[in-house]
Structures are given as structure tokens and as C-alpha cells.
Amino acid sequence: MATQGQVITCRAAVAWEANKPLVIEEVQVAPPQAGEVRVKILFTALCHTDAYTWSGKDPEGLFPCILGHEAAGIVESVGEGVTEVQPGDHVIPLLSGRMQRVQVLQIREDEPLCQYTVVHDVSVAKIDPKAPLEKVCLLGCGVPTGLGAVWNTAKVEAGSIVAIFGLGTVGLAVAEGAKAASASRIIGIDIDSNKFDRAKGFGVTEFVNPKDHDKPIQQVLVDLTDGGVDYSFECIGNVSVMRAALECCHKGWGTSVIVGVAASGQEISTRPFQLVTGRVWKGTAFGGFKSRSQVPMLVDKYMKKEIKVDEYITHNLTLPEMNKAFDLLHEGSCLRCVLDMQV
């Protein structure tokens, strides 16, 4: 491309302060150095992790910064020694990428709310060029995290009883994964009953709203399942819910997986008796997928209609509308809003 080896001036959505509206700024993105790749970002989906950093609760979130990490684009140029991808390849940037320092900005990892980004070559997954980038950008974070929590971390078996705390994108991906694993009961727990109808399409078989009960939710679930669930997944990032998710598991073999990201400084707790009696507490990162090698596999699964992606996209906006997109994310009705980065 004509821009290879040159500094590119492009637009980015900059968060100058926590909880302040993002501002479209012109930034300069340097050429990739050895072992790096510069990617033209075409589409970015907003994730709750972006909102978490924007809120100021992320200990690694420095301001000003450029948010975003769930994206898809095309390789614009590569640095010395890069052999796995080349200009023109369609890619999904992955966790642990970074962007070059831009003027006075302090940039956090993975910044696809910018029209170009520079990442290490190990932080991009080359995908099928026929895959629609405005869809498969979702396979850079939330959907794989939910599916993998079931398939890789918990290894849910057929016939299992599963409880899912939080029915956002990740929770629904957990439900989809549990259905594919032939779980016998998939119980969705959320304080917003409006989410229940949509969750049925992802595999949830029954629903519990904690607000409808006087008992602690863990006791409600133990009673509902005659002793507790086989697997539970906390997809919210609330430490009290993490405890409830563990304690609703069946003693002897129940496993609870923490998927949600809690605020800085938060700690989890439970009585040691809960673990001594055989329950297992686990965590997961990106659902345990090997991102560079397995994200292309997930793209292939989507192309074969073996996993859902389109169904998670509830809104489509453009880069200048990113503040509206964050508002939608907080309203509860939005699963994923995909931003067209070139408009």
C-alpha cells in the first residue's frame, strides 16, 4: 500500500478523562517496527470491558487513552521479520496487542477505536477473507470467552445442569456453548426479566430473577435443582455474585467459573467449607482459547453456521457516534454495537 513505511494520520475516539464523553481526534500512527503489524481497522464492537476502563475502575486504564479491542480489519503493512501475515490479509487483533505511542497520549493495549493500530505479529489472527468483518469482529473477545468457558475451562458434559449469572453477550455465549455441550438444564439468572425471551434463542431453558425471591439466590438454585448445579458461570463482574455462583454448585463435584471482571481492589470470599466439601472455583481468560490459532477456527465455525455471531449484534453505528454506542451499552437492551470505523 502507498502508506507503507509512513506515519499515518487518522481519526480516533479519545477518552481524555474517566466518564467524560469521548472526543474524535486526529492521531498519528507510526509504521510497524520489527515483529509488528499495522492494521487498518474497519469495524469495532463495543465490549463492557471498554466501558469498565472508561469508568476509571480499571487499574491499568490510564488517561488519556483510546479504547476498543473487539475488532476486525486488513493488514496495511508489516515490520521486519513478520512472516505469518502480509499486507491485504484479513485479521482479527487479539489480546496483548499494543499501539504505538501517539503524540502525548498514553495508550492502553488494543485500541481499535482508532482507524489504524499497531500490534505485535503474534497478536493478530489471519482469517478467511470471505468472512464478513462487520460480523466476525465479535470473535475477538466476548463470544469466544463465553463459549470457551464452557468448552475449554469447565468442560461441561452432556446432561449437566448449568447456571449462568448475567445474560449479556458473554452469558448468552455461555448458554450457546452449554446447549452445544448437550446440557440438560440451562438456568439463566438476571435481575432484568426483559432479557429472558431473547435468552431462549441461545439455549436458556429456565429463568430466575433474584428480585422475585426472599432467599439468597444460591439457596433458591440449590432448592430448584435438588442439591445444586453441576456448573455455574459468573458473567457480571460482581464479587457477591461470584460467591453465590460458587455456593449454588453441588457439593462433591460442582464447578464455578469466574468470567466477569470485577472492579479494582475487589476481593472474593466464601467459607472454606464450600471448597473442602468438593466444589471447584475456576477463572478463565478468553475462554481458554489459543487466540492466534483457534480464532480462525471459530471464524470457520461461524461460516459453517455452527456458532452464532449475527444474533449478538443489536445495533450498528459509526465512529462519530461512539458516545451513543456507550449509552446503548449501559441501557441493557444492547448486546453488541458494531461501529463502522471508516465513516
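**Talking through a predicted model**

Modeller: Let's start with the record: an unreviewed UniProt entry lists residues 170-295 as "domain: Alcohol dehydrogenase-like C-terminal". The model itself is predicted. In it, the end C-alpha atoms of residues 170-295 lie 16 Å apart, and the span is 34% helix and 16% strand.

Colleague: Why is Thr145 called buried?

Modeller: The cut-off is under 20% relative accessible area. Thr145 has 11%, so it counts as buried. You'll find Thr145 in helix α3 (residues 142-154). Leaving aside neighbours within four places in sequence, Thr145 is in contact with Val170, Val259, Phe286 and Gly287.

Colleague: How many disulfides are there?

Modeller: The count comes to 0. Take Cys114: the nearest cysteine sulfur, that of Cys10, is 3.7 Å away. A disulfide needs the two sulfur atoms within 2.5 Å, so Cys114 is in none. Cys334 gets the same test: the nearest cysteine sulfur belongs to Cys337 and is 5.4 Å away, so by the 2.5 Å limit Cys334 is in no disulfide.

Colleague: Are those two cysteines, Cys114 and Cys334, buried or exposed?

Modeller: Buried, going by the 20% limit. Cys114 has a relative accessible area of 0%, and Cys334 has 5%.

Colleague: Now the rings. How many aromatic pairs does the structure hold?

Modeller: It holds 2. One of them is Phe196 with Phe207, which is stacked.

Colleague: What makes Phe196 and Phe207 stacked?

Modeller: Two values. Their ring centres are 4.5 Å apart, and pairing asks for centres within 6.5 Å. The planes are at 20 degrees; under 30 counts as stacked, so that's the label. The pair links distant parts of the chain, with Phe196 in helix α5 (residues 196-200) and Phe207 in strand β11, 11 residues apart. Phe196 has 12% relative accessibility and counts as buried. Phe207, at 23%, is partly exposed, because that value falls between the 20% and 50% limits.

Colleague: Then why is the pair of Phe202 and Tyr312 called tilted?

Modeller: Their planes are at 50 degrees, which is neither under 30 (stacked) nor over 60 (edge-to-face), so tilted is what remains. The ring centres of Phe202 and Tyr312 are 4.8 Å apart. This pair also links distant parts of the chain: Phe202 is in the loop between α5 and β11, Tyr312 is in the loop between α9 (291-303) and β15 (313-318), and they are 110 residues apart.

Colleague: How do you know that Phe202 and Tyr312 are buried?

Modeller: Same cut-off, under 20%. Phe202 has a relative accessible area of 4%, and Tyr312 comes in at 0%.

How values were computed
Residues are numbered from 1 along each chain as its sequence is written. This is a predicted model: local features need pLDDT of at least 70, side-chain atom pairs count only at pLDDT 80 or more; totals for chains, interfaces and linings use all residues. Side-chain values use heavy atoms; hydrogens and water are left out. UniProt positions are given in the numbering used here, feature names are shortened, and annotations may be inferred rather than shown by experiment. Helices (H or I, at least four residues) and strands (E, at least two) are DSSP runs, numbered from the N terminus. Buried means under 20% relative accessible area, exposed over 50%, partly exposed in between (1.4 Å probe, protein chains only). Contact means heavy atoms within 4.5 Å. Rings of Phe, Tyr and Trp (its six-membered ring) pair if their centres lie within 6.5 Å; planes under 30 degrees apart count as stacked, over 60 as edge-to-face and the rest as tilted.
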